[in-house]
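These notebook entries record what I looked up in one structure. I begin with the surface and then turn to the helices, the core and the charged pairs.

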Amino acid sequence: MPRDPAGAIQWLERAASQGSVLAQFRLGAALAAGDGVPQDYAAAVLWSQKAAEQGHAGAMVNLGRFRMQGLGGERDIAEAIRWLTAAAEQKEPAAMTALGELYGHWSDHKDFVQARAWLERAAALGDGRAKTLLERIPVPPPSNASDLNGGRSRAAGEG
């Protein structure tokens, strides 16, 4: 059979409207990508939120990314963190990678320690994007120089 994106969207809409979490997730993703329908981030947010509220980790990741980037609505970093953390708690590497991106790039208050921690977790689970992004995140210096001395500071020339 030939591929029929528009027909697939009709079936997804029918199943999503009847409460299918998987259909809600897939419809949200299709709307975000413009696959078989015009791209519509506002509708993608709506369907992704329905699936996310029912515990679908992929929908949580998508919703977190939409909120992080302000797609389909206002940019809301706190809401992005909430959804991405919920998905990360389900051991979803894509959520961990997105959290790394959020702390390292999207947040107004960058936290490279948090960014690296999330990216390292995702990379350890095999996420290739996290491995690539880790190379771009600066390695933070020790919190202060006295930590290197076991908490003791010495003046120059003291033995």
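**Entry 1. Surface and ground rules**

I took accessible areas from the Shrake-Rupley method with a 1.4 Å probe, and for residues only the protein chains shown count as cover. On that basis the protein exposes about 9200 Å², of which carbon and sulfur atoms supply 52%.

I note that this is a predicted model: local features need pLDDT of at least 70, side-chain atom pairs count only at pLDDT 80 or more, and totals for chains, interfaces and linings use all residues. Residues are numbered from 1 along each chain as its sequence is written, and side-chain values use heavy atoms, with hydrogens and water left out.

I call a residue buried under 20% relative accessible area, exposed over 50%, and partly exposed in between (1.4 Å probe, protein chains only). Of the protein's 159 residues, 36% count as buried.

**Entry 2. Overall fold**

I looked up the helices and strands, which are DSSP runs (helices H or I, at least four residues; strands E, at least two) numbered from the N terminus. The protein has eight helices and zero strands. Read along the sequence, the pattern is α-α-α-α-α-α-α-α.

I then turned to contacts, meaning heavy atoms within 4.5 Å. Among the contacts with a separation of 6 or more, 43% come from residues 24 or more positions apart.

**Entry 3. The nonpolar core**

Which residues touch the most other members of the largest nonpolar core? A nonpolar core here is a set of buried Ala, Val, Leu, Ile, Met, Phe, Trp, Tyr and Cys residues joined through side-chain atoms within 4.5 Å. The largest one has 44 residues, and Leu 27, Leu 31 and Leu 102 touch the most other members. The elements giving two or more residues to this core are H1, H2, H3, H4, helix H5 (77-88), H6, H7 and helix H8 (128-134). H4 gives the most, with seven residues.

I followed Leu 27 further. Leaving aside residues up to four places away in sequence, Leu 27 touches Ile 9, Leu 12, Glu 13, Ala 16 and Trp 47.

**Entry 4. Helix H3**

The 13 residues of H3 should span 18 Å, and the end C-alpha atoms are 18 Å apart, which agrees. At the start of H3, a side-chain oxygen of Asp 40 reaches to within 3.2 Å of the backbone nitrogen of Ala 42. After H3 comes Gly 55, with a positive phi near 95 degrees.

The buried residues of H3 are Ala 43, Ala 44, Val 45, Trp 47, Ser 48, Ala 51 and Ala 52, and they pack against H1, H2, H4 and H5. Ser 48 touches Gln 24, Gly 28, Ala 59, Asn 62, Leu 63 and Phe 66, not counting residues up to four places away in sequence.

**Entry 5. Helix H6**

H6 has 14 residues and reaches 18 Å from its first C-alpha to its last, close to the expected 20 Å. H6 is mostly covered, with 10 of its 14 residues buried. Among the buried residues are Met 96, Leu 99, Glu 101, Leu 102 and Tyr 103. The buried residues of H6 pack against H4, H5, H7 and H8.

**Entry 6. Salt bridges**

How many salt bridges are there? I counted a side-chain nitrogen of Lys or Arg within 4 Å of a carboxyl oxygen of Asp or Glu. By this rule the count comes to six.

Arg 3 and Asp 35 meet in a salt bridge (3.2 Å, N to O). This pair links distant parts of the chain, 32 residues apart: Arg 3 is in the segment before helix H1 (5-17), and Asp 35 is in the loop between helix H2 (21-33) and helix H3 (41-53). Arg 3 is exposed at 64% relative accessible area, whereas Asp 35 is partly exposed at 34%.

Arg 65 and Glu 101 meet at 2.5 Å, N to O. Arg 65 lies in helix H4 (residues 57-69) and Glu 101 in helix H6 (residues 93-106), so the pair ties together parts 36 residues apart in sequence. Glu 101 counts as buried, at 10% relative accessibility. Arg 65, Glu 101 and Arg 129 are linked in a network of salt bridges.

Arg 116 and Glu 120 form a salt bridge at 3.7 Å, N to O. Both lie in helix H7 (residues 112-124), four residues apart, about one turn of the helix. Arg 116 is buried at 15% relative accessible area, while Glu 120 is partly exposed at 41%.

Terms used
The expected span of a helix is 1.5 Å times one less than its number of residues. A polar contact is a pair of N or O atoms within 3.5 Å; within protein, one must be able to donate a hydrogen and the other to accept it, and residues adjacent in sequence count only if both atoms are side-chain atoms.
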